Amino acid sequence: MVDALAAAQVLSEIGYLLRQDPKEVFRAKAFSMAAWSLAIERPDLQALHRDGKLTTLEGVGAGIAKVLAELVETGQSRYLARLREEMKQPAREDESRIDFNHYQGDIHSHTEWSDGRATMLEMAEGARALGYRYLGITDHSPRIKVVNGLDAERLVAQSREMAQVQSQVDGLTLLQGIEVDILEDGALDLPDAVLEILDVVIASPHVKLRQEPAAMTERMLRAAAHPHVDVIGHPTGRRPGSREGASYDFEAVFKEAARNGVALEIDCDPARMDLSPEMARLACEFGCDFVVDADAHAPAEFAYVPMGLWMARRAGIPQDRILNFRPLDQLTDALD
Ligand SMILES: [Zn+2]
Ligand SMILES: [Zn+2]
């Protein structure tokens, strides 16, 4: 039986594969949008199909409805099978089993403190509505001026708001973090003394991604060896269909991350999907742990995780190697 989340993952994968063909970007986005709305609404697809009402779903036109109908009837999509073949990205025999019902919380999200479009309280309530036990608030660091990144002073002010928001939400623990920029030379965009006191430090490459590979390798190695870094965010910075990611010695960097207990992110934003399943599989073989996050900038974007989980499955990552499936005390141990 294909439920809404399983169907969302199929549509998400179709969107992902289509995005790799520049001529199909428009159609790719339509599939991603439909996947997103299924992941948010979780409709009863069987009932809608029976009543001939699949096209009443947000973002579902005749073409996507056909894919959904076949999924409901057979559990398969020939369209997806064909795309996988064309893109030479087949399903694998050794995919792992990952169950979103066991997902404990997202540790990469943004608020109005930087470039998010919702308040911290709105994000916290959104996460709680999904049954999450924890949420990492990881706004940007100062370097990126256009997004109003946080310096030490604003982080202190943010922690005061966090205490207040925390008292308004039950059953959800807020973690204060930062998505700190990995500068061109591999240094981080905030002093160690600031990073040290935060619950979650995600170090991400955002600018100068086209550095030549040797310099880029040095840069990423330095970040992966930094004592306060917990996670490397969207490790290549790619944007499927529009921007190629950074290229560096992935083996060396992934091994360094594994050695230091730094997790690698699978960022489920359909515009990123980074690491890719193939790269994540490589990292998994080198012993890395993972976080699977939405990088949400609004509460509705939390649904990127349930629709994007197929990537971790395809990469063959055992569920217990993904920090988001751990209860809070084990997560905080891992982030220590
Ligand atoms: Zn980022
Ligand atoms: Zn982010």
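View 1. Helix H7 (residues 152–166) makes a right-handed β-α-β unit with E2 and E3. A crossover is right-handed if, with the strands pointing away from the viewer, the path from the first strand over the helix to the second runs clockwise. This is a predicted model: local features need pLDDT of at least 70, side-chain atom pairs count only at pLDDT 80 or more, and totals for chains, interfaces and linings use all residues. Residues are numbered from 1 along each chain as its sequence is written, while chains are lettered from A and ligands numbered from 1 in the order in which they are written. Helices (H or I, at least four residues) and strands (E, at least two) are DSSP runs, numbered from the N terminus. Strand E2 (residues 134–140) runs parallel to E3, joined by seven bridges. Strands pair if DSSP finds at least two bridges between them. Gly136 has Leu175 in E3 as its bridge partner. Strand E4 (residues 200–204) also runs parallel to E3, over five bridges. Here Val180 stands opposite Ala203. Eight of the nine residues of E3 (residues 173–181) are buried, so the strand is largely enclosed by the rest of the structure. Buried means 20 or more other C-beta atoms within 10 Å of the residue's own, exposed 12 or fewer, and partly exposed in between, with C-beta atoms placed from the backbone.

View 2. Five of the five residues of E6 (residues 263–267) are buried. Ala263, Glu265 and Asp267 point one way, Leu264 and Ile266 the other. In a regular strand the side chains alternate between the two faces of the sheet. Strand E5 (residues 231–232) pairs with E6 in the parallel sense over two bridges. Val231 has Ala263 as its bridge partner. The chain crosses from E5 through H10 to E6, a right-handed β-α-β crossover. Four bridges join E6 to the parallel strand E7 (residues 290–293). Ile266 stands opposite Val292 in E7.

**View 3. Gln104 in its loop.** Gln104 lies between helix H5 (78–86) and strand E1 (105–106). Gln104 counts as partly exposed because it has 18 C-beta neighbours inside 10 Å. Tyr79 is 25 residues away from Gln104 in sequence and 33 Å away in space, C-alpha to C-alpha.
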